[in-house]
Structure formats: C-alpha cells, structure tokens
Amino acid sequence: MFSAYYLQIMILVGINIIMATSLNLITGFTGQLSIGHAAFMSLGAYAAALATLKLGLPFFASLLFGALLAAVFGVLIGIPTLKLKGDYLAIATLGFGEIVRIVFLNLKITGGAVGLRGIPKSTTLLWVIIAAILTIFILNRILRSRVGRALIAIREDETAAESMGINTTYFKILAFGVGAFFAGLGGGLFSHYFQYIHPGSFGFLRSIEHLCMVVLGGMGSMWGSIIGAAALTAIPEFLRASADYRQLFYGAILVLMMRIRPEGIIGERRSRRKPPQSKDKKLGKINIFKVIGR
Amino acid sequence: MFFQQLINGIVLGSTYALIALGYTMVYGIVELINFAHGEIYMCGAFVGMYLVTVFKVPFVLAFLVAMIMAGLLGVTVEFIAYRPLRRSSRLAALISAIGASIFLQNLALLVMGPRPYSFPSPFTPKVYKTSLVIISKVELIILAVSFLLMLGLTFLIQKTKIGKAMRATAQDKDAASLMGININRVITTTFAVGSALGAAAGVMVGIYFRSVAPMMGLMPGLKGFVAAVLGGIGSIPGAMLGGLLLGVAEVMGAAYISSQYRDAVAFTILIVVLFFKPAGLIGRFLQEKV
Amino acid sequence: MTRKNVFWATLLIFCMVLVLATGCGQPANAPEGEGEGEGPSAGAEVVKVGMVGPLTGGAATYGTSVRNGVQIAIDEANENEDIPGVVLELNAEDTEGDWSKAANAFSKLIEQNKVNVIIGGVLSSETEAGGPIAMGGQIPAISPSSTATGLTLGNPYLFRNCLSDEVQASQLAEYAVTELGFEKFAILYTNNDYGVALKNAFEETAKELAEVVAVEAFMDNDENFKPQLTSIQTKGPEAIFIAGYYTEAAKIAQQALEQDLEVQFLGADGFYSPVLMEIGGEAVEGAIFTAGFHSGDESAVVQNFVNKYRELFNEEPDMFAAQAYDAARIVIAAMKSKGTSAEQIREGLAETKDFPGITGNTSIDEEGDTLKDVLILKVEEGIFNRIR
Amino acid sequence: MLQERVNNGYILDAVQLTRSFGGLKAVDRVDFFIRDKEIAGLIGPNGAGKTTLFNLFTGHYQPTEGDIYLHNEKIGGLKPHQITAKGIARTFQNIRLFGGMSVLDNVLIGGHSRTSTGLLGAIFQNSKDRKEEKEARENALFLLSFVGLETKKDELSRNLAYGEQRRLEIARALAADPKLLLLDEPAAGMNPQETNNLMQLISRIRDKMEKTILLIEHDMRVVMGISERIAVLNYGKKIAEGSPQEIQRNETVIEAYLGVSA
C-alpha cells in the first residue's frame, strides 16, 4: 500500500486533473481565458460541505449539489462573456473569483474567516479516480460531438463560427457552465477530503495554478491537462527537498519549461502569425480594364 | 468626511495609476500581461530603502537610482523570460511571467528575509489641515511626483523619437519594423520605462507606509493590473484614470459600504464597468473586420 | 531552435539536480557525522521534530519566527543532552500560508520524514487542516500560535501553546475601562480567524462596560488604512483596539498620526515584535497590549532566549518565536518525562502542568488548550514595558 | 415576430438598405434582389460597400435603415447564426477556416445548423444522436469529394494550399445546406488554372445542388463568365444592374472604375 502521504498526493492529483481538464474546456478548447476557476471550486466545496453538514445529504448527493451550484454560477459569470474578450474576460473572471472569496470570508454560514470544520472525510482515492475518469470521459464525449466542435470553432474563429450557425453566446455560456460543474465537483471532493475549508485556499493564486496546469500541459489537449495537473501537483512536493529554495526553483522551472516548450508538454506548435491573407486586390482592378475594354 | 475619503482615494489611486502605467505600456507594445511587474515595484522599493538607510544616499538620488535599477531589472526579465516567447502563444508568455514573478518574490525573501523593513520617511512629518480635509506632506509629494511622472511619460510618448517609435510599434509591429524601427530597442525601452515607473511607485508607497517587504508587490501588482484593464489596457490615459477610479472605488467601498467587502466592491465596479464598456473606460473596442 | 532547447533542457535538469543536492544537505541542524561516533551524539537515537508553517508567501514572517524559535529550543536540548541518548532533528516544511498545502506538509512529515511530533501549524487554518491528519497518523501536534476557538476540541493529538483570544481581549477591555478609564472604543480588526476572535471578545466585554462606536475590518497584508481611520475618526473614540498583527498595527498607528487622530492604541499579543516600533516609530508610543511574553523580563530563561535569538538570527524575537520556543520546550519536557515515541510525547503534552515557560506558566487542559497568564505591556520610549 | 411579405419570387430581397459607420454611409439605400437558383454577381471598386452589403445579409452588421427579406421573411436584425439557420451561408474574403481543426471537422461545423445534438445528447449519445452524427459525416465526406478534397480530410485545414482552403470554405458553407450561398472573392489570389476550376465548381454547385449563388469578385473573367445578373456598387450606392453584357457597356460603370469624370 501507499503511504498516506502518497495517497494524499494522488488524491490531489486526481482533483487537480478534474480542475485542469474542466478549465481546459473553457480556456483551452473554447478559448475563453478564465482566471477564476478556483471560485467555482470553492462554490462546489462550500456547497457540498454545507449540504452534508446542514442538510445531511449523502456524500454523492452533496457532490452533485455542489457541482450544480457551481454550474449555476458558471452560467452567471458566463453572461458577461457575451461582450468581453481576451484579457478583459480574464480580468472579469479574476474579479468574480475575488468577490466569491471575499463573500465566503464574511458569510456566517460558511464560518467566515474561521473556516468550516467538521466535514466528514468521505473522499477516498477510489471516489477521486471515478470522478476523474468520469470527468475525462464526459468531457471527451462532449468534445468529440457537435457541441465540442462548436466550442473549438469559437476558439478558432468566433466570427466564422457564428457564420456557421453556431450561437456563440449560448455555447460560451455552456462551456462555462460545464467547466464550472466539474470544478464544483472537484471542490466537493476537496472539502470532503480535508474535512476543513477556508477561503484562503481559493484565491487567485489557486486559479493561476490551474491555468498553469492547462498551459504547461498544452492548451486544448486533454492528455496535456492531465499531465500538467499531475506535474504541477507533484513538482512542489518534490521540491520540498530543496527547503528554502523551493519556491525559487518552482518559479524558475515555470520559466524554463515555457522556454523549452512554449506550446506545452503536449500541444501543437502554433505561432502568433496571422492567417494567410488574400493577395493584393489591385490585380483584380487591372483585370477589369481587360474585360471591359474587350 | 466625503472629501477626506476622496483625497484618500486619490492618493491611493495615484499609486495604482503609476503601477498600472507599467502594465499598460508593456501590454500596448507586446500584448503581454507582465505579471512580474509587482515584483519590480517591490525591488524598486528595496533599492530605494537600502540606499537611504544603509548608504545614507539623499532621497532624490536614491529615488532615481531605484528607478534605474528597476529599469535594468525589467529589461533583464524581458530578456530572459519574455523575449524567447515572443512568437509563442500569449498564454505561454503569461505563464513565463508568472514564473518570473514567483522567482523574484522568493529571491527577495531569501536575500532580505521575510520581516518588513522600516523605510524612514525622508521628509519631516507635517500635516496640512483645512476645514474639509487633512492631508499630509507625504501625500502631497506622492500626488505631485505621480503627476510629474505621468506628465513626463506623456511627453516621452508624444514628443520624442523613441515615443513615436513606441506608438508605431503598438499600432503594427510588422509595419514599424519595415519602416526601420528597431523593435527590440523599442521593447527594451518600454520595459525599462514601465519598470522605472513601477519602482517610483514602490519607493513612494514605501515611504508612505514606512515599510518595505518581499511580499509587498503581490496585491498592488494585482490592483495595478486591474486598474490598467479598467482604464482600457494599452491606453496610457486609461491607466491613469483606471488607477484613480480603482483607488477611489476601494476607499469609498470601505467607507460607505463595508470595510469587510472593500475589495468585493472594487471588483464589482470593475465588472460593471466592463459590462458596459467591454474594452475599459478609454480603450477602443475594435469591431472585428469580417 | 533545437540546439537552444537542448541548452535550456540541460539547464532545467541541472536545476533539478541542484534541488536534490540542496535537499540532501537540507537537515541543516542534523548533527554532523551522524552515527559515526563523533561528538556527544555518538550512537544516539535521532528523533525528528516536524515544524509546519508559512515560510514563503504573505505570512512568511510569522512562520520563519516560529521556525527560529523551535530551532533554538532544539539546539539547546541537543547541546545540554536534555534527553539522554537522543538527538533531536528539526524538519521544517513550508505551507505558503495555504492550509491545503499545510495538509501536505503534515502528511509528508508524518509519512516521509517519520517525525514523532509536529510543532505547527502557525495560522489557524493550517492547524485546522493538519489536525485531522495528525490524528490519523497518531502523531501529536502542538501549535504555537493558532488561536481559533475550539481548534483542539475532539482531537486528542492536537495541542496549542498560545494565549486564548477570548481571554486576552476581554481582560484588555476590562483593564482599559476600569484602569485606564476609557469609555468610547473603536475596533479595527484584520479579517482572519485571529482578528475576528479578538474583535468578538473585545466587543462583547467592551459593550458591557462601556461603548463601542465603530467596528472596521481590513485584510491581511493591507497597507492603506486611511478609509477605515477616517470613518472611525468621525465617531470620536478615545481608544482603538487593533485586532491584528504588528506590521499592520504599526501602519495603522502611523496613518492615524498623519490624520491627526489622537487616540490610545490597544492591541493583543499580535503586537509583540520589534517591527512594531521599527515601522511605527513615534506613532506607536504609548500603545498598550496584552502578551504572554516580555523580553524585558529579567529571568534567566527569558534572557537566555532573547540573547540566543539575537545572536543567531540578528534580530529581536517576536511573539511567534517566543511561543514556538516554549512549544518546543514543552515537547522536550514531555519527551523527558514520558519518552520519545509519538504516543509518549502525546501523553506528556496532555499532562503539562505549570510549565515555566518564557511566555509564563503554562498548563494544558483536557481539551489540549493552554492556560496562561496574561501580561499587559506598554510601548515606552521604543521598548516594551510591563504594566501588569 | 417576422413580418410576412407578398410573394414576389425573389429568394433574397433588400429594400432601401442603408448602413452608416459614423457619418459614412457604407451602403446607401440599396435595393437588391436575387432570384431563385441564379448566379448573381456583385462588383464595384474597392471600398464600394460590397462586403458591407454581405455582412448585412449575413447579420454581421445590423442595417441602419431598410429591410432584408429571405423568402419573404424579414431577416434584418437577426444574429448571424439565426440567419445561417434560415438558409444563408457564406465564405470570407480573407479565408477564415478553423485552422487548428481537421478538414473534415471544418465541414462538420458547417453542418451545425442542420444538426441538433445538444449537451445531453453529446454525453449520452443515444441512437438518434449517433445516427445524426453518422449522417453528418457522410454528408461532409460527400461535400469534400464534391470540391475534390476527400483525400485531405484528416489534415489540419491551416496546412492546406491556398486554393484548397478556398474550396474547403465553399464545402463548409455548403454543409449548412443553404438556400443562398454568398461567396466573397472566391477567386482572389488564385492562378488561372485554379480560377478555371473554381468557375466550374460554382456552376456545378448551382446545377447539381440547385443552390442560389451571390458572389463578390474582382476577377472580371469569373464574374462575367458565370454570373447571370450583375449589380454594381460604388460609394455605397447601386449604380447599375443587369446582364454581364449590359454591365460591360454601361457608361456609369466604366466611369466608376476608370475614375473619369464625365
């Protein structure tokens, strides 16, 4: 058997796989940069914990409740995406994440700044594995369907996607909803593993960690997110060996990895160059003389 | 009380504005969110503090040296962490920036230790009172210096040759390059100037709050970034306006709504503004050409 | 491009190797030449003591102080051969101030390092997350600073050595009304478990005895308190109770001075650090606060600690360091009386009674909570003087 | 919601269509119609408002004034994806393929509005959804072979040659099974051989698939060669309309192109 430490890391890897793949759906596949994934995680974590503690729901039902609540908020935050693009969207999601964190820090029912304790330890490695596999399976099915194609088309070219009959608004919100659902699921597993939750762990640094997993693994690659999540969960633990230099190395490793493989561990190389442009139209203008003059 | 709070907000906002300028300049040229900017702000503050307390350098000189050193640091970070990724996806550059930020923060932690250092004010403390507001000398100096720096930056960008090159590069990098503008030089200058402004903010915040610490860049860095976006990222007047607005919003939120929800109020304002002005207050929303 | 990549990849691998290399040399205070028959530790049994706290991130200053305090206690025990035939080794793990990472640190110390006892976590949230893990691994843990109410309830493996927020805040409120004669209070608290607990206790007592005119919050690591102070100023309190740590308290005092807000500052043990005066300067002069430790105490144990701390770390100890030092010494005392196995340490900790610590006489009750004397200190001419 | 209109036999009918950008009228009171199953051409000098007119038809721009009817149903003000669902598909002047997706996937996306599998369908994939997907694939493969790209179906679309990308865009638009196909400069940047193939393809689309086609084109050999009716725009106004022969003889048109004042 594994030691409890390795077991814990594996559980965290599993939860982070759920987090990274679900963020990948939003950011990697649909192309909507989100720096607020931890907010969905915390919504799921708190909702599931409170469902267990206050409503006495069984573990499975609490998880579902947390995930659904997160999905509702995912749809709500998806609505500003109607208008926002790129970094503006990123900042709006970051702001949303901070708002959620501050609200949890001040609410009575969530224990506020003291945190919420006494959550039963229901999450086991088996649960996490099942949840992670289910997440990957469902996300894969979505991605390989008409829905997934629509999402990827939005990433590739939103205007063209709209011309193909894709209701981009609807599908962007759908991506946020589905992504948030699984983030909430991850959060529920998280709270039922640690038996305690506090808003401090769901700040924007956590969201950025999720984003790092996705980008490091390779945007828009399911395997990439899985590897990215595993790597970025394990590396900091591995780096504990370096004691005081740990965070220093962590920063350096992020820079170096991006230098070596800017496209992520798994991911195709794509440059920022513009798509092929049609050639000079003046040629066409000359042609008209020929035709008309004939 | 309202006017006092307004002054509080403007002073806070002007430091945000200075930080936001660094973000927005870099973004305007290379479309990169320079996440390490908060750390450059911190390093600038440390250099200033060190020169003043250990080497007894006059404050004005220390201030300038801090700006220069931070400029050099900014250029170094650009060279190591961003330049190799210029042709890669923007997110790769973002992650590299985050890595650089973590690295610098923890380097400072290792070298300087975690305890905050005292940054003694070089000015004799003095408070000016009117019937409406109370304002301290340090606050007046911060306002004046911020204003001068912003004026100087505007001059640099509007009137000088390198400023023109910057504007051209921001418009279209390829075209600028074809016109014989040395893009690398423009980018280096942008990082240097942006970082120097960040350091100026760091030193001023250092003397304002009397302390310097390795973690001091984290929140102001985030706020400066938010301010830049609020104003319309890439726009220099936007950064100034965004900084001031964020500062005032935060103070008013704490004063009239709830100090517990201060940041939540500020971020709600951000989201509402973006909802109505999706490209920030001054940013141009470019309708995509079909 | 490819050749460049090879270069960077090599650099990355080099870094990794460096990590391992530094890692191997890490147990900084492991006795030299372990098991090779040198020095006093010849053939000695090594007992590992874990420490968990924020060594990086916004709360690093508190975690580092705790590590320093524990370090001194362990070095002393090894030097004096307090526990015959046993050499203590400190294993410190970082949490970045994030409780979920604290849980990893607890797990790692218990499972990988095989520590027999853990001193930590530092922040209450860290201890909350680590407590169940310590219980699961049947390793006792003693927090030097986690003050959250009810933290140790129902966990026989969890102890703490710190002043109770409730006790110190209510005692201070009482003192401020009855001894100092204040009638109108304002409270400015940091929005974390420490600040909230202090605020609640102070508010309750102060409202019974006098009036609380304003309550304002701020966040950890905040620098600007002007809006809150401006609001407070309009309510005209005579004293402000700052429920928070020294860095913020010094800045609050400083900014109040700039704003012409002349009031008495009150605080709790979070004030106890030389940083308060370094940053606060004139502004914190006269501040009154509760504490468990006073470096001006002439007793030999206190002076010994203060001198060693100065010598080793080139700075003055703060409250965290003092409480951590005591926590470690309580652990060592437990080892001495009961033995060094985890279970023996747990028994020893549970039975701690009137331990003569530098933070006062300390007993641990049946819930794992501490009973301590509360001192009241005042800043006078840049130093802390005991006034009660 | 959608007003009905007297049937006049036109597939598309624009009435007094105007679109201003600030003070500039990019399209100025244009009346324009397309008959069922015809190939119509739209020409005009650069900046005449041709692409703006296209964007009005496809919903990328909202008309400032005037109405557009598709089969007598008002479509002005609808979103692009709604208009696609109603039966207008387009290609773009500066090719806008989904570069990171395979050639086949590009065509499958084209069929988005003709399929209905939603989120739950994607997850549970019952027999109806599987059947729909299978049919969509078959149809996409048919369209690829129609434009001669069946061998490239698994390649990333951005790796295709320029002319192939143009043809893929057409296949993608056809997958939406439109009544009206709008082609924005399909021959731009093509060599004479490719242009010839393109002209044949356009004719085949109309003849075999019975589509109505409107194309913007600068290459007069293409426009004059395959269009049955041509409209000419200049400075946002329609200055002429008629058969290719009529247009070639039209004085105003020649003036507009040569820029000679009369």
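I started with the lining of the second largest pocket, where α2(C) gives the largest share, 5 residues. The model is a predicted one. I then listed the elements that supply at least two residues each to this lining: α2 (37-53), α4 (90-112) and β1 (117-118) of chain B, together with α2 of chain C.

I looked up the volume next, and the second largest pocket holds about 640 Å³ of space. It is lined by 26 residues, and those closest to its centre are B:M112, B:G113, B:P114, B:R115 and C:E315. By class I noted 12 nonpolar, 9 polar and 5 charged residues in the lining.

C:E315 forms a salt bridge with B:R115, with 3.4 Å between the closest N and O atoms. I found 6 salt bridges by the rule across the interface of chain C and chain B. For polar contacts between the two chains, I noted 15 residue pairs, both residues at pLDDT 80 or more.

On the side of chain C that touches chain B, the elements giving two or more residues are α2 (60-80), β7 (211-218), α7 (226-235), α8 (246-258) and α9 (274-280).

Last, I looked up the extent of the interface. I counted 41 residues of chain C in contact with 30 residues of chain B. The buried area is about 2,900 Å², and carbon and sulfur atoms give 54% of it. In chain C, C:E223, C:N224 and C:E258 lose the most area to chain B, together 20% of what that side buries.

Notes. Residues are numbered from 1 along each chain as its sequence is written. Chains are lettered from A and ligands numbered from 1 in the order in which they are written. This is a predicted model: local features need pLDDT of at least 70, side-chain atom pairs count only at pLDDT 80 or more; totals for chains, interfaces and linings use all residues. Side-chain values use heavy atoms; hydrogens and water are left out. Contact means heavy atoms within 4.5 Å. Buried area is the accessible area (1.4 Å probe) that two parts lose on being put together, summed over both. A salt bridge is a side-chain nitrogen of Lys or Arg within 4 Å of a carboxyl oxygen of Asp or Glu. A polar contact is a pair of N or O atoms within 3.5 Å; within protein, one must be able to donate a hydrogen and the other to accept it, and residues adjacent in sequence count only if both atoms are side-chain atoms. Helices (H or I, at least four residues) and strands (E, at least two) are DSSP runs, numbered from the N terminus. On a 1 Å grid over the protein atoms alone, a cavity is a set of points where a 1.4 Å probe fits but cannot get out, and a pocket is an open set with protein on both sides within 12 Å along at least five of seven lines; lining residues have an atom within 4 Å of a point. Grid points are joined across faces, edges and corners, and a volume is the space filled by probe spheres set on the points. Ala, Val, Leu, Ile, Met, Phe, Trp, Tyr, Cys and Pro count as nonpolar, Asp, Glu, Lys and Arg as charged, and the others, Gly among them, as polar.
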